[in-house]
Amino acid sequence: MLKKLIVAATLIVFFSCKSSDKEVEKKPIQIQFVTPTKSNLPVFDEYVGQTFGKSDVQITSRVEGVVLKVHYKEGDPVRKDQLLYTIDPIEYQAKVDQANGELERAKSELVNAEEDLKRIKPLADINAVSKRDLDEAVAKANAARAKVKAQEAVKAGQQISLSYCNVLAPISGVIGINNALEGDYVSPIGANSILNTISDVSMIRVRFSITENEYLKFAGQKAATGEPRKFKLSLILSNGTVYPYFGTINFKDRRIDPTTGSMTIEALFENPDKLLIPGQYVRVRIQTNEIENAITVPQHAVREIQGVFQVFIIDDKNKLQVRIVKTGEKTEGNWVITDGLKGTERIALLGNNFLTINTVVDPIQAKTDSTSVK
C-alpha cells in the first residue's frame, strides 16, 4: 500500500512539473517594435566649422611708450572711437613743440625773403639792380615757402604720432582679454604691439572645408530657374541644439588646396541674441537632396552581418522573421531603406535578446523620440 502511494505521489509531482513547464514555455517574451516611417526626407551633409566675428580686429600700438591708463573693462562691449588706452605722450608732445618752433622760424624766414623780393623787384624794373639780384631774391622766397611747407608736414607728422598715444576702438564690438596693463611698455614692433582684439558679433562667420568631389556636387546643382542653387545652412551647437537662425554662403575660396584636396567655405549667420561668439566649434548642416516617400527605420533596428543588412520582422502570427534590406542614407539616427520593406511591417527592436527565427513574441509598440539631433 505504501509503495502504491509513493508511486502515485511521484506521478502527480512529475505531471505537475510538466504542466508548469508547458505554461512557462507558452509565455512569449515581450519585444518592442516600430513601424517604418514613410515621408519625404531631406538629406543633409554635415561639416565641422569654426566661428569668427563679422570683424575680428587686432588693436595694436602705433607708438612706443608706457601705458598710463586702460579705459575699458575686459569682455565688455565697446563703441567705435571709444578711448581704450593712453600711452605716455611726453616724448611726442616735445617733438610737436620742436616741430612747431621750426615752423615758426621757417615762417619768419619766408616773411624776410618776401620783403626782400618786394624791395628788389621795383629796383629791377628800373635797372637799379641786376637781374641776378632779382633772381636770387625770387629763389630765396621760393625756398622759404618750400621750407614752410616742409615744416608744416613735419609738424603734422609729429601731431599724428602724438594722437596715437590715445588708442581708440576702430570698430564697435566686444573686446577681449587685455595684453597690456597700466605701466607696461608697448611698441609698434614685436609681441608688445598687440594690445587686444575687438570682435563685431552682430553677425557670425563660420568657416568649414569641403572636398573637391563635394564642391563638384554643389556646383552642379541648379535651381528651378536654371540659376546656381542657393543653399540654406543651419548650425548644430556643441550641446546638440539647433541654432534658431539659418545662414547663407558668404564666399568660397578661389581654389582647391592641393595639399589637402579641400576648399574653404565661409557662411554668414545672424546673431541678434549674441549666442554665438568667436572660437566655437559647430556642425554646419546643408540640405543637399530630398528623397520622396522615403522609408526609414532606427539604426539600432538594422543589423549588418558581413556586409548584408537585415531586420527582424514580427509577422501576423507574432513570430520573428528575418528580412534582408538595402540601406541608403543615414539621417538623424535612422537608416533610409531603399529595398526590402513596404513601410507597413512591424520591425523588432531586439536589443541584447538572442532570439531565433519563428520565435513567438509579445509585441509592444515602442515610443519614439524624433526631437533629438544625432
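A: Start with a definition: two strands pair if DSSP finds at least two bridges between them. Keep that cut-off in mind for this predicted model.

Take the open sheet. It has 4 strands, in the order β6-β5-β3-β8, and the pairing is antiparallel. β6 (166-168) and β8 are the edge strands. Each has a single partner strand, so one side of each is left without a neighbour in the sheet.

Now walk across the sheet, pair by pair. Begin with β5 and β6. They pair in the antiparallel sense, over 3 bridges. Here Thr 86 stands opposite Asn 166 in β6.

Next come β3 and β5. This pair is also antiparallel, with 3 bridges. Look for Val 67, which stands opposite Ile 87 in β5.

Strand β3 covers residues 65-70, and strand β8 covers residues 185-186. They run antiparallel and are joined by 2 bridges. That count meets the cut-off, because two strands pair if there are at least two bridges between them. Val 66 stands opposite Tyr 185 in β8.

Asp 81 is found between β4 (77-78) and β5 (83-87). The phi of Asp 81 is near 70°, a positive value in a residue other than glycine. Why point that out? Because most residues other than glycine have a negative phi. Asp 81 has 52% relative accessibility, so Asp 81 counts as exposed. The cut-off for exposed is over 50%.

Asn 318 sits between β15 (308-314) and β16 (320-331). The phi of Asn 318 is near 60°, again a positive value in a residue other than glycine. Asn 318 has a relative accessible area of 26%, so this residue is partly exposed.

Follow the chain into strand β16, where you will find Val 322. With a relative accessible area of 32%, Val 322 is partly exposed. Val 322 also belongs to a nonpolar surface patch of about 310 Å². The patch is made by Val 322 together with Val 308, Ile 324 and Ile 357.

Technical notes. Residues are numbered from 1 along each chain as its sequence is written. This is a predicted model: local features need pLDDT of at least 70, side-chain atom pairs count only at pLDDT 80 or more; totals for chains, interfaces and linings use all residues. Side-chain values use heavy atoms; hydrogens and water are left out. Buried means under 20% relative accessible area, exposed over 50%, partly exposed in between (1.4 Å probe, protein chains only). Patches are made of residues with over 30% relative accessible area and no salt bridge: like charges are joined within 9 Å, nonpolar side chains (Val, Leu, Ile, Met, Phe, Trp, Tyr) within 5 Å. Accessible areas come from the Shrake-Rupley method with a 1.4 Å probe; for residues, only the protein chains shown count as cover. A salt bridge is a side-chain nitrogen of Lys or Arg within 4 Å of a carboxyl oxygen of Asp or Glu.
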